[in-house]
Amino acid sequence: MITVIGSINMDLVVDTTIFPKQGETVLGNRFETVPGGKGANQAVAAARLGGEIHMVGAVGQDGFGQELTANLSTEGIHTRFVATAQETATGIANILLYENDNRIIVVPGANGLVTEAEIDEARELIDRSELVIMQLEIPQETVDYALRICKEADIPVLLNPAPAKNFKEEWMNNIAYLTPNETECEEIFHSEIEEALEKYPNQLIVTLGAAGARYYNGKEHIFIEGFKTKAVDTTGAGDTFNGALAYAITSGQPLKEAVRFANIAASLSVEKFGAQGGMPTLQMVEARLKG
């Protein structure tokens, strides 16, 4: 059983072949609203693979909130601890797709109201979890509190440090797995990636986009190559990696195999539009692993 504590957003996605200059108006190709938020995305990624997933978060009392909660339920995710905030709207992410990459602006909305009280309400759930997944799109003090709760209960935490500016290095004492990308790793540790990896063996896993991921096992640097594929939309790749990594770890896979499993899942996710649109099933990942 995996508990995800994190953000739930509606993604407002614009696809364009022309990136506007300052003050310029251009015509885009497509606009869609797509369920997102790093917390919800990672929950969906793990659920699609067959995990028992519980979500702790908040949405607004609006159409987006209702739609997002319904989407989680449709994916088989337990939503008992998804609160409905009365005083603010559901969080959104404004996503600009350009040349097979993305630029994202997040407006937290109700995600900013995920507080210590919500963590206390879900305490019994957290205590029963095999693993807790968190990100940094909810208040920093809530993440800090949840990490302490998990440490007290001896529950391992996988933390995806995005946005990285909200991360505290002291949290490493309470984290089983940290999964930054290269840029986030350098921003957090203010050192070369190799140095950071050697400081946190089997704990720090750095994602490399299409190139794969790497970590240090205490004796040598391990590089797990990514699967080469044609990307349609990279928005949910990192979230797919984290959800799949959590699923693989709780399924008993050794870390090297778990990272490879997560890489394959991420490669499948970018082949379709939307953060959650391409997130694969277990059968899809296993088929690519065999192939």
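Residues are numbered from 1 along each chain as its sequence is written, and side-chain values use heavy atoms, with hydrogens and water left out. Because the model is predicted, local features need pLDDT of at least 70 and side-chain atom pairs count only at pLDDT 80 or more, whereas totals for chains, interfaces and linings use all residues.

Helices (H or I, at least four residues) and strands (E, at least two) are DSSP runs, numbered from the N terminus. An open sheet is formed by six strands in the order β5-β4-β1-β8-β9-β10, with parallel pairing; two strands pair if DSSP finds at least two bridges between them. β5 (78-85) and β10 are the edge strands and have a single partner strand each, so one side of each lacks a neighbour in the sheet. Strand β4 (residues 53-60) runs parallel to β5 and is joined to β5 by six bridges. Ala58 has Ala83 in β5 as its bridge partner.

An antiparallel pairing links strand β12 (residues 212-216) to β13 through five bridges. These two strands form a hairpin with four residues between them, and Gly218 in the turn has a positive phi of about 100°. Arg214 stands opposite Phe223 in β13. Buried means under 20% relative accessible area (1.4 Å probe, protein chains only).

Helix α6 (residues 182-189) has Glu184, Cys185, Ile188 and Phe189 buried. These residues lie on the same side of α6 because they cover an arc of only 105° around the axis, the arc being that of the directions from the helix axis to the C-beta atoms. The buried residues of α6 pack against β10 (177-178), α7 (193-199) and β11 (206-207), contact meaning heavy atoms within 4.5 Å. At the start of α6, a side-chain oxygen of Asn181 comes to within 3.2 Å of the backbone nitrogen of Thr183. His190, which follows α6, has a positive phi, near 55°.

The structure holds four aromatic pairs, defined by ring centres of Phe, Tyr and Trp (its six-membered ring) within 6.5 Å. One of them, Phe167 and Trp171, is edge-to-face (planes over 60 degrees apart), with 5.5 Å centre to centre and 90° between the planes. Phe167 is buried at 11% relative accessibility, and Trp171 is buried at 2%.

Technical notes
Buried means under 20% relative accessible area, exposed over 50%, partly exposed in between (1.4 Å probe, protein chains only). A polar contact is a pair of N or O atoms within 3.5 Å; within protein, one must be able to donate a hydrogen and the other to accept it, and residues adjacent in sequence count only if both atoms are side-chain atoms. Rings of Phe, Tyr and Trp (its six-membered ring) pair if their centres lie within 6.5 Å; planes under 30 degrees apart count as stacked, over 60 as edge-to-face and the rest as tilted.
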